[in-house]
Amino acid sequence: MPDPLTPIEQRVYHYLLDFLCDNTYQPSVREIGKQFQIKSTKTVSELLQSLADKGYIERDPSRSRGVKLLGHEAKRRTQPVPYYGKIAAGEPALLAENRKGFITLDRRFLPGPEVFFLKVEGDSMIGRGILDGDYVLIQEKDAKDGDIVAARIGEEATIKTLRRRDGKIVLEPANPAEKEIVVPKGSDFAVLGVAAGVFRPFNKMEVVDEGRNGGRPAPPA
């Protein structure tokens, strides 16, 4: 998974989002430094490079205003949340090349900065109100027994209820027609995060990143 943003990185990222909405251009390195009382332009440059390395922006270090916000839409106090169409085996499981696009949300609906979307295919979680075609918002955090989670077994991702029984990890569906998954010991398994919300479009839609139509179908529920 991508490294989480530090508190100062998150503040700078939100400042970039809001500044662009207010001014239609990005702040300069010196303007960012002034906003956060950072005297060193080298420190500001390192903050921007860290945001680029973590996949939030693209930047041209040779230009003072050489920042591009990935997935940004011109609305104040919003944040683009990446949507992944494929999960990689091993770590990190969420790779930029498997990102299919962004869904931009008001930040008040986000539980934190480290979030992403997966699209549901199937009816295994209908008993918990998660339907085929829903986009499930996942927060990257530790899961407790009984949480609805996005989990990875190899390259396959699934959304299920996490249970721990007799020392075993069980992924439990919310549909009597579906079987639970008992995770074998030693398998390439990881919990990617905990479900934090569901986005349900009433019209058929597919989130596609600019110039990027590839990727396998989204993970089933």
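## Salt bridges

A salt bridge is taken here as a side-chain nitrogen of Lys or Arg within 4 Å of a carboxyl oxygen of Asp or Glu. By this criterion the structure, which is a predicted model, holds 12 salt bridges.

R65 pairs with E31, and their closest N and O atoms are 2.9 Å apart. Because R65 belongs to the loop between β1 (57-59) and β2 while E31 belongs to helix α2, this pair ties together parts that are 34 residues apart in sequence. R65 is partly exposed, its relative accessible area being 34%, and E31 is likewise partly exposed at 28%.

## Further pairs and a network

In the salt bridge between K144 and D147, the closest N and O atoms lie 3.8 Å apart. K144 is exposed, with 54% relative accessibility, whereas D147 is buried, with 14%.

R165 forms a salt bridge with E172 at a closest N to O separation of 2.7 Å. R165 is partly exposed, at 33% relative accessible area. Both residues take part in a network of salt bridges that links D145, R163, R165, E172 and E180.

## Nonpolar core

The largest nonpolar core comprises 21 residues, of which V12, Y13, L16, I32, L48, L51 and I57 touch the most other members. Two or more residues each are given to this core by α1 (7-23), α2 (29-35), α3 (41-53) and β2 (67-69). Helix α1 supplies the largest share, seven residues.

## Negative surface patch

E121, D123, D132 and E178 form a negative surface patch. Within this group, D123 is located in the loop between β5 (115-119) and β6 (135-139) and is partly exposed, with 41% relative accessibility.

Note on methods: Residues are numbered from 1 along each chain as its sequence is written. This is a predicted model: local features need pLDDT of at least 70, side-chain atom pairs count only at pLDDT 80 or more; totals for chains, interfaces and linings use all residues. Side-chain values use heavy atoms; hydrogens and water are left out. Patches are made of residues with over 30% relative accessible area and no salt bridge: like charges are joined within 9 Å, nonpolar side chains (Val, Leu, Ile, Met, Phe, Trp, Tyr) within 5 Å. Accessible areas come from the Shrake-Rupley method with a 1.4 Å probe; for residues, only the protein chains shown count as cover. Lys and Arg count as positive and Asp and Glu as negative; His and the chain ends are not counted. The place of a charge is taken as NZ of Lys, CZ of Arg, CG of Asp or CD of Glu. Helices (H or I, at least four residues) and strands (E, at least two) are DSSP runs, numbered from the N terminus. Buried means under 20% relative accessible area, exposed over 50%, partly exposed in between (1.4 Å probe, protein chains only). A nonpolar core is a set of buried Ala, Val, Leu, Ile, Met, Phe, Trp, Tyr and Cys residues joined through side-chain atoms within 4.5 Å.
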